[in-house]
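Have the sequence and the 3D view open as you read.

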Amino acid sequence: MDSSTVETRLTQVLTGWAAASMVVGAALSVDPRTRGFGRQTAAWGAVDGLIAGVGARNRARRGPTDPARLRKVLLVNAGLDVGYLALGAALLRTTRWRGDGAAVVVQGAFLLALDATAASALRGD
């Protein structure tokens with residue numbers, strides 16, 4: 001798969017994940033039992049949507065990102081995603097932040113899979 005296709009697909013998947021996260025997060029924020037999970041999920045969705053939007057806008061203005069640069073960014077992001085998983089796991093151990101921690105783990109796991117898969121697809125470019 002060429003780098004432009006990888007980048008376009010990455011943006012599409014992230015946009016869909018962001019939209020779903022915001023909708024699910026908003027719905028779950030209403031119930032006190034799921035409020036932490038919902039709050040985190042909605043917030044992550046908003047940030048992911050912003051990142052996807054900026055990426056799409058930049059690609060429209062400047063063209064596709066250099067494949068080597070994009071792969072490097074994705075690998076750095078994958079390292080950050082591992083950090084999110086660790087943070088989420090730590091929050092899961094607390095009573096007050098357990099729901100937030102669960103949401104951070106879900107978001108971190110998804111982003112790790114997305115970033116690692118896209119970086120792997122660019123390995124041959």
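**The overall picture**

Keep in mind that this is a predicted model. The chain has four helices and zero strands, so if you read off the elements from the N terminus you get α-α-α-α, going by how such elements are assigned. Along its principal axes, the C-alpha atoms take up a box of roughly 45 × 25 × 20 Å. The chain has 125 residues, and 28% of them count as buried. Take the contacts with a separation of 6 or more: 73% of those are between residues 24 or more positions apart.

**How H2 meets H4**

Two packed helices are described by the angle between their axes and the distance between the axes. Helix H2 covers residues 35-62 and helix H4 covers residues 98-121; their axes come within 6 Å and cross at roughly 35°. The hand of this H2 and H4 crossing is right-handed. On the H2 side, the contact is made by Gly36, Phe37, Arg39, Gln40, Thr41, Trp44 and Asp48. H4 brings Gly99, Asp100, Ala102, Ala103, Val104, Val106, Gln107 and Leu111 to the contact. Sorted by class, the contact of H2 with H4 has seven nonpolar, five polar and three charged residues.

Is Asp100 buried or exposed? Asp100 counts as buried because its relative accessibility is 2%, and the cut-off for buried is under 20%. Leaving out residues up to four places away in sequence, Asp100 touches Gly36, Phe37, Arg39 and Gln40. With Arg39 there is also a polar contact, side chain to side chain, of 2.8 Å.

**The nonpolar core**

The largest nonpolar core has 13 residues, and those that touch the most other members are Leu10, Leu14, Leu74, Ala118 and Leu122. Which elements give two or more residues to this core? They are helix H1 (3-28), H2, helix H3 (67-92) and H4. H4 supplies the largest share, five residues. Zoom in on Ala118 and you'll find Val6, Leu10 and Leu74 touching it, once residues up to four places away in sequence are set aside.

**Ser21 and its partners**

Now move over to Ser21, in helix H1. Ser21 counts as buried because its relative accessible area is 4%, again with a cut-off of under 20%. Skipping neighbours within four places in sequence, Ser21 is in contact with Thr41, Ala42, Gly45 and Gln107. What does the side chain of Ser21 make with the side chain of Gln107? The two side chains make a polar contact, at 3.3 Å. Gln107 also turns up among the H4 residues in the contact with H2, while Thr41 is one of the H2 residues there.

**Other places to look**

Leu91 is in helix H3. Apart from neighbours within four places in sequence, Leu91 is in contact with Trp97, Arg98 and Gly101.

Ala113 sits in helix H4.

Arg123 is in the segment after H4. With a relative accessibility of 58%, Arg123 counts as exposed, because the cut-off for that class is over 50%.

| Pair | Apart in sequence | C-alpha to C-alpha |
|---|---|---|
| Ser21 and Ala46 | 25 residues | 8.0 Å |
| Arg123 and Ala68 | 55 residues | 8.5 Å |
| Ala113 and Ala78 | 35 residues | 8.2 Å |
| Leu91 and Leu80 | eleven residues | 16 Å |

Read across the rows: Arg123 and Ala68 are 55 residues apart in sequence and 8.5 Å apart in space, whereas Leu91 and Leu80 are eleven residues apart along the chain with their C-alpha atoms separated by 16 Å.

Terms used: Residues numbered from 1 in each chain as written. Predicted model: local features only at pLDDT ≥ 70, side-chain atom pairs only at ≥ 80, totals over all residues. Heavy atoms only, no water. Axes fitted to C-alpha atoms, helices over the stretch in contact; angles between N-to-C directions. Left-handed = near helix turned anticlockwise from the far one by under 90°. Contact = heavy atoms within 4.5 Å. Nonpolar A, V, L, I, M, F, W, Y, C, P; charged D, E, K, R; others polar. Core = buried A, V, L, I, M, F, W, Y, C linked by side-chain atoms within 4.5 Å. Buried < 20%, exposed > 50% of the residue type's maximum accessible area, 1.4 Å probe, protein only. Polar contact = N/O pair within 3.5 Å; in protein donor to acceptor, adjacent residues only side chain to side chain.
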